[in-house]
Amino acid sequence: MSAFQDFGPLSERRRAERQQKKRKRIMIAGASVSVILILAAVGVAAVMYQSKHHTGHNKSSSTSNNKDLQSTTRAIKLVCGAVDYKEACESRMAKAVNTTSPKALIRASISIVVDEVAKAFNKSDLIKSDDPMVQGAIEDCKELFRDSADELATALGNIDAHTLEQVPKQSSELRNWLSAVMSYQQTCIDGFPNGEWKDKMKEAMKSAKELTSNALAIIEEASHFLSSVKIPAGNGRRLLAEGQEAAPHKDAGFPSWLSKEERRHLEEEGQDGQDGPRATKNLKPNVTVAKDGSGDFKTISEALARMPKKYEGRYFIYVKEGVYEETVVVDKKMVNVTMFGDGSRKTIVTGSKNYVDGTRTYQTATFAALGDGFMGIAMGFRNTAGPEKHQAVALRVQADRAVFLNCRMEGYQDTLYAQCHRQFYRSCIIAGTVDFIFGDAAAIFQNCILVVRRPLDNQQNIVTAQGRISPRETTGFVLHHCRFTADSKLVPDKDKIRSYLGRPWKEYSRTVIMESDIGDFIHKDGYMPWEGDFALKTLFYAEYKNKGPGADTSARVQWPGFKVISNRTEAVGFTPEVFIQGRDWIKRTGGPAPVPVRLGLY
């Protein structure tokens, strides 16, 4: 069963932001026209032409075909008017489609990506090198190609299964999958050492990245227009109206759908990321892992290997107290898995793979969650390689709709790799030094504690390094109602060692920090550049109603891409309700262990 069938169709992405863009489009209607409005006009024109064609029997077949071709060409030009890479869009669409049907044109924008992605990833097979790092990068690219092919096939299946009128309801899903494809393309490139082969893979991926960006643009514009003209969406779910926030939450910020008993249960839950027993007492495991032999398996990897290939609903794995020294991979076929422990200081998965000793960053993770719908509760994930080993990932998350509750991630550089898709972290502790939360996911960290540790003497601390590579991607990091604090070993040197909230790993890096408590150890600039002026004009960094001695924005960087959000409506666009469609899936993921989530602002 598809992982997505467990949750059903999800609501539109970024409702509040879309309403703001809607108003902007109305203002500039005299200067530009929505691509789907044009598509609708093209569709009407096509119908009118077909009517005339049936009454004009004296016209030759060749004339008819020529007019059909002209009509299709016009439709393609109009559709491609919304994208960033128009020439690539027009030339490839012309080879792929011979219709003016809006739905067919939207589908074609995705289908042309399939062949181009395959062609790009296959270029890695032509690389011949004795360098183990290059050979490893080639293997990573092959795996990433399989992931890309799966995402694209799912997107095409989604288009086929729905009508044009349902595009707005499916937009968040489609753009989520396509954003992941862009992430995979970049991850393939990043796996190669700097030099000739990396440059060649970058060039090989150029066309695939452009076409993926184009598909994201076309779907975004389609969703915006169809929503604005109120075409029926088909599933009857209530949407947020313009300027409307998620329903207010009472009882310590718990959502309204929780029963009194569930709220009482969650009020007892600790906020330090280690209170496992209370958060998991209602869970009944399918299997138990115990290092001392008292369970069904002694290792987590063995329990995963013995999972049934087919099962209904959610699969629960209880990992008893202990330190498990193993590399764990919850693969893509293992969907809707909940893994819970006895507390993040008691149930710990640990490893020490690192870049300096010859492992690519992508493969250094102690624990990797790839299967959609994964949930981790009351567990600890460590990479003990140390700061001198540089990149060393404790947890890598590729799963869509992943939830981590009361967990602890500990490392130094690159502790948490939030690779792609939608992720939600609640009441977790994440500790590290350099870029210790990085990746290209749409991830929200709520009520989390970010512990900045002491790095090497020649290093600086950076909490986030978000990696969005296109403005069309729906990704970004949101740190909501979190606390930034210095580790006790850093405190004596906090004035000597600079610590920053983030830096741009990729050109369109996006990070929003709101309603959080920022300690005095954070440098007044707030952020640092990656290299020179790279991404300073294209990134999006924003802060909203933070507090604490490090929250003063008067001396923040003066980059074009940085802003202080003053409009509450704009801030709402980065809440779980809107940014990752949290109302539709977060509450379902927990099952008998409801996830405490603040869907709106505090």
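Leaving out neighbours within four places in sequence, Asp435 is in contact with Asp414, Ile462, Val463, Thr464, Ala465, Arg503 and Trp530. These contacts come from a predicted model. In an unreviewed UniProt entry, the annotation "active site" covers Asp435. The residue belongs to strand β16, which spans residues 434-439. With a relative accessible area of 4%, Asp435 is buried, because it falls under the 20% cut-off.

Two of the residues that touch Asp435, Arg503 and Trp530, also meet each other: Arg503 lies over the face of Trp530, at 4.0 Å from the ring centre. A charge over a ring is also found at Tyr412, where the charged end of Arg453 sits 4.3 Å from the ring centre.

Phe121 is buried at 3% relative accessible area, whereas Phe145 is partly exposed at 26%.

A further pair, Phe381 with Phe404, is edge-to-face: the centres are 6.1 Å apart and the planes stand at 85 degrees. Here the partners come from strands, Phe381 from β9 (residues 380-383) and Phe404 from β11 (residues 402-405), so parts 23 residues apart in sequence are tied together. Both Phe381 and Phe404 are buried. They also belong to a cluster linked by ring pairs, together with Phe367, Phe374, Tyr425, Phe445 and Phe477.

Key: Residues numbered from 1 in each chain as written. Predicted model: local features only at pLDDT ≥ 70, side-chain atom pairs only at ≥ 80, totals over all residues. Heavy atoms only, no water. UniProt positions renumbered as here; feature names shortened; annotations may be inferred. Helix = DSSP H or I, 4+ residues; strand = E, 2+ residues; numbered from the N terminus. Buried < 20%, exposed > 50% of the residue type's maximum accessible area, 1.4 Å probe, protein only. Contact = heavy atoms within 4.5 Å. Phe/Tyr/Trp six-rings, centres within 6.5 Å; stacked < 30°, edge-to-face > 60°. Lys NZ or Arg CZ within 6 Å of the ring centre and 35° of its normal.
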